[in-house]
Amino acid sequence: EILNTKGVQGAFVVGRTADKQVGISARSSTTFNVQIIMEKMGGGGHFASAAVQMENKSVDEGVEYLKETLNLYLSEARTERR
């Protein structure tokens, strides 16, 4: 439902999936490739639906790693457009 919000191209959910495991689920519209982002984090999936599982991380650490990876992805995308 969040992808139906005007201006939203991707959505990420971060949560604990086991005592020592954090998962990130990523979904996107047809304009934003979440597969590349999840692959950079060690996961995989498809263009519009991807995920990653991380061992021995807190939810906060997962969020920070996601932010770092998104910033890297966006920086690389800007460089490619030039």
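**Entry: Lys67 and its partner**

I began with Lys67, which counts as partly exposed at 45% relative accessibility. The model I am reading is predicted. I looked for a charged partner and found Glu64: the two form a salt bridge, with the closest N and O atoms 3.5 Å apart. Glu64 is partly exposed too, at 39% relative accessibility. Both residues lie in helix α2, three residues apart, which is about one turn of the helix.

**Entry: the other salt bridge**

How many salt bridges does the structure hold? I found two. Besides Glu64 with Lys67, the side chains of Lys40 and Glu76 meet at 3.1 Å, N to O. Lys40 lies in helix α1 and Glu76 in helix α2, so this pair ties together parts that are 36 residues apart in sequence. I checked how open the two residues are. Lys40 counts as partly exposed at 36% relative accessibility. Glu76 is partly exposed as well, with a relative accessible area of 31%.

**Entry: confidence**

The mean pLDDT of the protein is 92. I noted that 99% of the residues reach 70 or more. Which element has the lowest mean pLDDT? That is helix α2, residues 59-81, at 90. Strand β4, residues 49-55, has the highest, at 97.

**Entry: the sheet**

Next I traced the strands. Four of them form an open sheet in the order β1-β2-β4-β3, and the pairing is antiparallel. Which strands stand at the edges? They are β1 and β3 (44-46). Each has a single partner strand, so one side of each is left without a neighbour in the sheet. The twist averages 15° from one strand to the next. I also followed α2, which packs on the sheet and touches β1, β2 and β4. The direction of α2 makes about 150° with that of β1.

**Entry: pairings one by one**

I took β1 and β2 next. Strand β1 covers residues 10-18 and pairs with β2 in the antiparallel sense over eight bridges. The two form a hairpin, with two residues between them. I picked out two facing pairs: Arg16 stands opposite Val22 in β2, and Ala11 stands opposite Arg27 in β2.

Then I moved across to β4. It pairs with β2 in the antiparallel sense over seven bridges. Here Arg27 turns up again, standing opposite Ser49 in β4.

**Entry: β2, covered or open?**

I asked whether β2 is mostly covered or open. It is mostly covered, with six of its eight residues buried.

**Entry: the core**

I went looking for the largest nonpolar core and counted 14 residues in it. Those with the most contacts inside it are Ile24, Ile37, Met38, Met41 and Leu66. Which elements each supply at least two residues? I listed β2 (21-28), α1 (34-40), β4 and α2. In soluble globular proteins, nonpolar side chains tend to be buried together.

Setting aside neighbours within four places in sequence, Ile37 is in contact with Phe12, Phe32, Leu66, Thr69, Leu70 and Tyr73.

**Entry: Thr69**

With neighbours within four places left out, Thr69 touches Ile37, Lys40 and Met41. Ile37 and Met41 I had met among the core residues with the most contacts.

**Entry: Val13**

My last stop was Val13, in strand β1. Is Val13 buried or exposed? Val13 counts as exposed, because its relative accessibility is 57% and the cut-off for exposed is over 50%. Leaving aside neighbours within four places in sequence, Val13 is in contact with Gly23, Ile24 and Ser25. One of these, Ile24, also belongs to the largest nonpolar core.

I also took a distance from Val13 to Glu80. The two are 67 residues apart along the chain, and their C-alpha atoms are separated by 28 Å.

How values were computed: Residues numbered from 1 in each chain as written. Predicted model: local features only at pLDDT ≥ 70, side-chain atom pairs only at ≥ 80, totals over all residues. Heavy atoms only, no water. pLDDT = per-residue confidence, 0-100. Helix = DSSP H or I, 4+ residues; strand = E, 2+ residues; numbered from the N terminus. Core = buried A, V, L, I, M, F, W, Y, C linked by side-chain atoms within 4.5 Å. Buried < 20%, exposed > 50% of the residue type's maximum accessible area, 1.4 Å probe, protein only. Contact = heavy atoms within 4.5 Å. Pairing = 2+ DSSP bridges. Salt bridge = Lys/Arg side-chain N within 4 Å of Asp/Glu carboxyl O. Axes fitted to C-alpha atoms, helices over the stretch in contact; angles between N-to-C directions.
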